[in-house]
Amino acid sequence: MPILNIQIMQGHTEAQKAALLESASRSVMDSLAAPLASVRIVLEETAPQHVMVGGRIGHPMALALVRLIQGRTEEKKAALIAALNQAIHATLGISKDDIRVVITDVPTTDMGVAGGLTAKAAGR
């Protein structure tokens, strides 16, 4: 159950944001072989005056925080990082140098899934 929180600065169009959500979903599905039904993404917007990159207030950036049930290979995680970087760059025009992806592995006992079960109890 990949769960993503993508933080971007305000000012992008609704079409750009929709394209980002679609592209990020495809990135997760393609790189991790995850079914679309399991992908969750929350897009958060922050005012430019509340963002600092390299000492510059309001510099364009994006941060994708990804939570995965533990067990993905290093190669799959690297593929996901590259795919999300490309998706964000292509849809929002943010420099690839100003995009960060952080992956956190979550133990199966610590991830809740459908029906209120832990991933472990659900057999994942």
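Here is a short chat about a predicted model of one protein chain.

Colleague: Let's start with the whole chain. What elements does the chain have, and how do they run?

Modeller: There are two helices and eight strands. Starting at the N terminus, the order is β-α-β-β-β-β-α-β-β-β.

Colleague: How do you know whether the chain agrees with a compact globule?

Modeller: Look at the radius of gyration. For 124 residues, a compact globule would come out near 14 Å, and the chain has 15 Å, so the two agree. As for its extent, the C-alpha trace spans about 45 × 25 × 25 Å along the principal axes.

Colleague: And what share of the residues is buried?

Modeller: Buried residues make up 38% of the 124.

Colleague: Which contacts join residues at least 24 apart in sequence, as a share?

Modeller: Take the contacts between residues at least 6 apart in sequence: 72% of them join residues at least 24 apart.

Colleague: Now helix α2. How do you know that its span agrees with its number of residues?

Modeller: Helix α2 covers residues 74–92, which is 19 residues. At 1.5 Å a residue it should span 27 Å, and its end C-alpha atoms are 27 Å apart, so the span agrees.

Colleague: What makes you say that the buried residues of α2 line one face?

Modeller: First, here they are: Lys77, Leu80, Leu84, Asn85, Ala87, Ile88, Thr91 and Leu92. Seen down the axis of α2, these buried residues fall within an arc of 165 degrees, so they line one face of the helix.

Colleague: What do they pack against?

Modeller: They pack against β1 (3–9), α1 (14–32), β5 (62–69) and β6 (99–106). On the face turned away from that buried side, α2 carries the exposed residues Glu75 and Ala90. Just after the helix, Gly93 has a positive phi of about 75 degrees.

Colleague: Why is Thr91 called buried?

Modeller: Buried means under 20% relative accessible area. Thr91 has 15%, so Thr91 counts as buried.

Colleague: Which residues is Thr91 in contact with, leaving aside neighbours within four places in sequence?

Modeller: Those are Gln16, Ala19, Leu20 and Ser23. Also, a polar atom of the Thr91 side chain lies 2.8 Å from the backbone oxygen of Ala87. The cut-off for a polar contact is 3.5 Å, so that distance falls within it.

Colleague: Why is Glu75 called exposed?

Modeller: Exposed means over 50%. Glu75, which lies in helix α2, has a relative accessible area of 60%, so Glu75 is exposed. Its C-alpha atom is separated by 9.6 Å from that of Leu32, 43 residues apart along the chain.

Colleague: What about Ala33: buried or exposed?

Modeller: Ala33 has 61% relative accessibility, so Ala33 counts as exposed. This residue sits in the loop between α1 and β2 (40–46). Ala33 also has a phi near 55 degrees, a positive value in a residue other than glycine.

Colleague: Last one: where is Arg124, and what is Arg124 in contact with?

Modeller: Arg124 is in the segment after β8 (117–118). Leaving aside neighbours within four places in sequence, Arg124 is in contact with Met1, Ile69, Thr108, Val113 and Ala119. Thr104 is 20 residues from Arg124 along the chain, and their C-alpha atoms are separated by 17 Å.

Key: Residues are numbered from 1 along each chain as its sequence is written. This is a predicted model: local features need pLDDT of at least 70, side-chain atom pairs count only at pLDDT 80 or more; totals for chains, interfaces and linings use all residues. Side-chain values use heavy atoms; hydrogens and water are left out. Helices (H or I, at least four residues) and strands (E, at least two) are DSSP runs, numbered from the N terminus. The expected span of a helix is 1.5 Å times one less than its number of residues. Buried means under 20% relative accessible area, exposed over 50%, partly exposed in between (1.4 Å probe, protein chains only). The arc is that of the directions from the helix axis to the C-beta atoms. Contact means heavy atoms within 4.5 Å. A polar contact is a pair of N or O atoms within 3.5 Å; within protein, one must be able to donate a hydrogen and the other to accept it, and residues adjacent in sequence count only if both atoms are side-chain atoms. The radius of gyration is taken over C-alpha atoms; the globule rule is 2.2 Å times the number of residues to the power 0.38.
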